[in-house]
Amino acid sequence: MTKSKIDDLGFLELSPGTDPVVDIVAIHGLDGHREKTWVTKDGILWLRDFLRLDLPNARILSYGYDADTQSRECVSTQTMRRHAEGLAQALSRQRLGAPRRPIIFVAHNLGGIILKWALVICHNQNLESKADLRDLLVSTHATLFFGTPHSGLEGTSLFAVINHLAALYTKTTNIILKDLCDHSSELENVQTLFVAVSEKISSIFFCEGYQTPTDRTGMKMNVPYHSAVVAGDRNATTIVLNATHEDLVRFPTADCANYRIILHYLKEYFDSAARGESAAREVLRPKLLPPLSISYIERPKLQSLITQKLLHHGNVWRQPRCILHGLGGSGKTQLATRWIRENRSSFTQVIVVDASSQAQLEVDLERSIRSLGTEYHSMTWKDAVSYLDSKEERWLLFIDNADSPGLNLHSYLPSSTHGAVLITTRNRQCIGYAPHSAIPVGGLEEGQAVNLLHMIMNVTPMSDTGLVGIVKEVGMLALAVTQAGAHICNTLRPDRYLNTFRKYRKRLLRKAPDVVTHYPSSTYTTFDLSFHRLPTKTQEFMKVCAFLHHSIIPSALFEQSIESGFTTRMILNSCPPPASDKTLTSMLGSIFGLEWDELAFQETIDSASTASLIDVSLDGLFYTINPLLQTYIKDGLDEEGSLTYTRMTAQLLLGAIGSNNIQAWTLLPHVNKIPLSVQSDDIAHALAFNLFYSSLREWRVCQELLEPALSKLLDAQGPRHEDSIWLMAALARTLHMLGQLERAEKMQREILALRLEILGRLHPDTIWAMNDLANTLQQHGRLDKAERMQREVLALRLEVHGQRNLDTVSVMHDLALTLYNRNELEEAESMQREAL
């Protein structure tokens, strides 16, 4: 019976190890195999033949997964992330007997990407589930990457291979390949998330020193140096081996130079991990507070509020707690650290816990009790909580980075009133642990932000005026201001920073933090950690919000637009909304639904608010988003995507501006954010936006909308078409309101001539045209001509409508005003009395 490739999937134990203290896990790459990837042409499998002898106390495992891009049998439909989930789950099952045994990973090619995704998945594991997957991350001691394409493979040669193989094999797939191309967003995403995950993991990047020669089929695999390393990784070492891509992980003898290099580092990591296992039985030092930046800026109002929440005087009937919540990069950890240092004497013990993952939270709590003495060496995190509840008084439990939406802290919080709890979080749901003691931490005050920038950049500018512009541009976020100051400190050019920032913003805000800032991540990496955790629909909602004004976003905007079907109000029958509106309304419908569902919409708001990505007003009627977060979202879109979301946002507004149930002024800043080029790209859109602006007397914008619309309509319909004349009249009235009276008069005379020719002297539209012209003449100070025309209009009104008609009365008032301006007071008074 022919063996199926499926039989070689999953884990293969290459060596059980003698009393193993470390697991070494090998993961193959693209088109690889759990054994063949590591085997030379002579059949030498170094992991089994050499390494088990050199590291006898290591259990050695090799993992197989279907990474074939072609096969006569079958090809997998799984993405990299699905493969990573399979790896994590299989390894967790493999380690049931020793879930906290240290792990050293050896990953080739794609295996390195799969490994990074697996560790990210462990980090983001539902925190209410069993801790198996979280144990994997905590146990990971080191990662050895061999020719891993961290920033992608050269796409042209990659797909050329697949096209060639398609002629040779019956089944092929590019599901994984498309995410391995140069500048793949998938690779950028996993690397961004992995930065936080791998903070305490040592890594080595092994790169090939020689290109793989092309064989007779035209196939080759090369990973260039720039892709095989990750710039700025402080925990990593980079080594170039004298080998081709495949031979990076194939060693013919135990004495060959490349194997000796690999063994050196594996022994080093093995010894370090083994020492760590022994040290776990020894007395540990308590976890220290996060370092306080030397450029910390005092925030006295917030520090005073923390004091009020945590340092109660007199009888305490409930445990003092304080929740610092806000957007990533707002300085919550620094604020908490500063307060603890200032008030350290108020507590007998400060327990510092990193809650960025539940596994780490448990490790740190366990460490806190084991640090008390050797008699506590076997205690668990549960014992630590019980100890604080029963034996210790005046303690402070500082839980930092409790950001995950699934994090449930109830089991980890002592209930005793003998101590206090301070929590920092991006997750607004954590407010529930102390509803009356939550403190929002947002951007710095303007003066604080300028002072921080001064301190970091270490340059004395001519004035603070330019610095105010810089801190506003970066949203007053402490982390972003710090990054700006670090850049200026290096360049010594504060006057050029804004231009540089606007040109290279994405690169600047993704740059690794300066060593003196004590921030673990860049501004954009910090945003990544919150944004990519959002449900898909919430991410789409946030992308739409990125193209609105950052403040006072009315909830009614979404309700009214949904109820209107996101449709553009039609002003002229000959100018219906374009067919593209249907595509945009369909896209909006997929995000918000086609009918207003208050509960579903509130779920979207709650998920964004929970991650501190939007702020909701106390009455729930308005939303606010940090302007730098908006910029981050936009920077994540390519040019086409940016235009698409701009048009979607414009369509959302078009669906709401025709409603009588929403106040126009609340929409004005948001409509203003839509470029005029988008507002005026279609006549129907331009007219709808013009109606909105005219209701608010924003005449300058009306002119900018109507002029190109009229030009398009004249080209399409000609000057004698009813809609062309109507639009000319609308533009003429706008020019009148702007005081451009000569242009208005000229256009109104043209309109009147067309009305007389087409409709005749007695038609109501002709009379209105005469009336508009008369008013312009009056405004222009041509009172004689205005009076003659107004008398003519009045005569026609009397003839057509009679004396008791409101339009007739209106003309009488206009004529009375002209007579008054001409100093013909008696006749003006008589006309006013008659009108009354």
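1. Helices (H or I, at least four residues) and strands (E, at least two) are DSSP runs, numbered from the N terminus. By this rule, the protein has 34 helices and 17 strands. Asp606 lies in one of the helices, α22 (residues 598–610).

2. This is a predicted model, where local features need pLDDT of at least 70, side-chain atom pairs count only at pLDDT 80 or more, and totals for chains, interfaces and linings use all residues. Residues are numbered from 1 along each chain as its sequence is written, and side-chain values use heavy atoms, with hydrogens and water left out.

3. Of the 836 residues in the protein, 54% are buried. Buried means under 20% relative accessible area, exposed over 50%, and partly exposed in between (1.4 Å probe, protein chains only).

4. Contact means heavy atoms within 4.5 Å. Among contacts between residues at least 6 apart in sequence, 76% join residues at least 24 apart.

5. Most residues other than glycine have a negative phi. Asp31, which is not a glycine, has a positive phi of about 60 degrees. Asp31 sits in the loop between β2 (22–27) and α1 (46–49). Asp31 counts as partly exposed because its relative accessibility is 33%.

6. Asn401 also has a positive phi, near 60 degrees. The loop that holds Asn401 runs between β12 (395–400) and β13 (420–425). With a relative accessible area of 27%, Asn401 is partly exposed.
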